[in-house]
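My entries are below, in the order I looked things up.

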Amino acid sequence: MQIATVTAKDQQHYGVIREYGFSDLSKRFPQWPTLLDAIEANGWSALQDAAKDAERTHAPGTFTYSAPLPNAKRILCVGVNFPDRNAEYKDGSAQPKHMSLFPRFASGFTGHEQNLVRPPENHTLDYEGEVAIVIGKAGRRINPKDAYDHIAALTLCNEGTIRDWVRHAKFNVTQGKNWDHSGAMGPWLVPFKDPAQLDEARLQTWVNGELRQDDHLANMMFPIREEIAYISTFMTLKPGDIIVTGTPTGAGARFDPPRYLAPGDVVEIKVEGLGCLRNGVEDEI
């Protein structure tokens, strides 16, 4: 099941994606104006039930994809979470004791089949293929063994980054990670039903048909169960929160010379069962 947020005739809707189009669910649940509202109100199961027999409301080509939760309130990203990524820094450091975290904001993301935007101030736009999880059940100090019970859904993320701007300060990367529409999420949310959806996931990123990133989530230094446990130690996780879980080696900055994104490039991020998040690149007008 693939539940998405789309735009049609300048109106935003949420519903289920079919091979033959889109079935709008938002009109059936006026009490939840957005998909985020539904998740926050514990309506995720109701949406899935309604999706089973929902009739098509929009034919293919009559809508465009938005980020699944375009009004997400809290997006937290895990950095340098694969052993090869740690080695890419060539600083001789051992595996860190604690995970690196930074915030991203919804304004920094666009949807599937929309272009990433390269700003005029700097052209070091880079890609990072990742899996993102959406919290469906609130919790504080969550035990790792119970962590998966708090996940509602999964999606894909291109955690696009302006590399030069993450080096502007000593202790943070926030300004390089939040340029408008520099990253993408989607195409949709897939309900989380089975630990194998994460534990056996293989993540691949392609740029212009060339495989650049290829790894398994099982190789993460900080598995997703630990991410949820650690983050929930210092903040109460709430329904609708998003955790972007980490990218493998192979981002453009790590080539010699670097291979940053340019207008006309196409980035595809794939995980079996989650789909393919595809985005072009354009310069900001």
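These notes go from the whole chain to single elements.

**Entry 1: the chain**

I note at the outset that this is a predicted model. I counted the secondary structure and found five helices and 18 strands. I then looked at overall dimensions: the C-alpha trace spans about 55 × 45 × 30 Å along its principal axes. Of the 285 residues, 55% count as buried.

**Entry 2: a five-stranded sheet**

I traced an open sheet with mixed pairing and wrote down its strand order as β8-β18-β17-β14-β15. The edges are β8 (116-118) and β15 (210-216); each has a single partner strand, so one side of each is left without a neighbour in the sheet. Neighbouring strands here are turned by 20 degrees against each other on average, with direction ignored.

β8 pairs with β18 (residues 275-283) in the parallel sense, over three bridges. In that pairing I found L116 opposite V281 of β18. β18 and β17 run antiparallel and are joined by six bridges. Here V266 stands opposite G280 in β18. β17 and β18 also form a hairpin, with three residues between the strands. In its turn, G273 has a positive phi of about 90 degrees. On to β14 (residues 202-207): four bridges join it to β17 (residues 266-271), and the two run antiparallel. I checked V207 and found V267 in β17 as its bridge partner.

**Entry 3: strand β5 and C77**

Is C77 buried or exposed? I looked up its place first, which is in strand β5 (residues 75-79). Its relative accessibility is 0%, below the 20% limit, so C77 counts as buried.

I then checked the rest of the strand. Five of the five residues of β5 are buried, so the strand is largely enclosed by the rest of the structure. Both faces are covered: I75, C77 and G79 are buried on one side, L76 and V78 on the other.

Which strands pair with β5? One is β6 (residues 100-104), which runs antiparallel to β5 and is joined to it by five bridges. I75 stands opposite R104 of β6. Another is β16 (residues 242-244), paired with β5 in the parallel sense over three bridges. C77 has V244 of β16 as its bridge partner.

I looked at the second largest pocket, whose volume is about 230 Å³. Of the 14 residues that line this pocket, W44, S45, G136, I151 and A152 are the closest to its centre. α2 (44-51) and β11 (151-158) each supply at least two residues of the lining. Which element gives the largest share? It is α2, with three residues. Sorted by class, the lining has six nonpolar, five polar and three charged residues.

Conventions: Residues numbered from 1 in each chain as written. Predicted model: local features only at pLDDT ≥ 70, side-chain atom pairs only at ≥ 80, totals over all residues. Heavy atoms only, no water. Pairing = 2+ DSSP bridges. Axes fitted to C-alpha atoms, helices over the stretch in contact; angles between N-to-C directions. 1 Å grid on protein atoms, 1.4 Å probe; cavity = no way out; pocket = protein on both sides within 12 Å on 5 of 7 lines; lining within 4 Å. Points joined across faces, edges and corners; volume = space filled by probe spheres on them. Nonpolar A, V, L, I, M, F, W, Y, C, P; charged D, E, K, R; others polar. Buried < 20%, exposed > 50% of the residue type's maximum accessible area, 1.4 Å probe, protein only.
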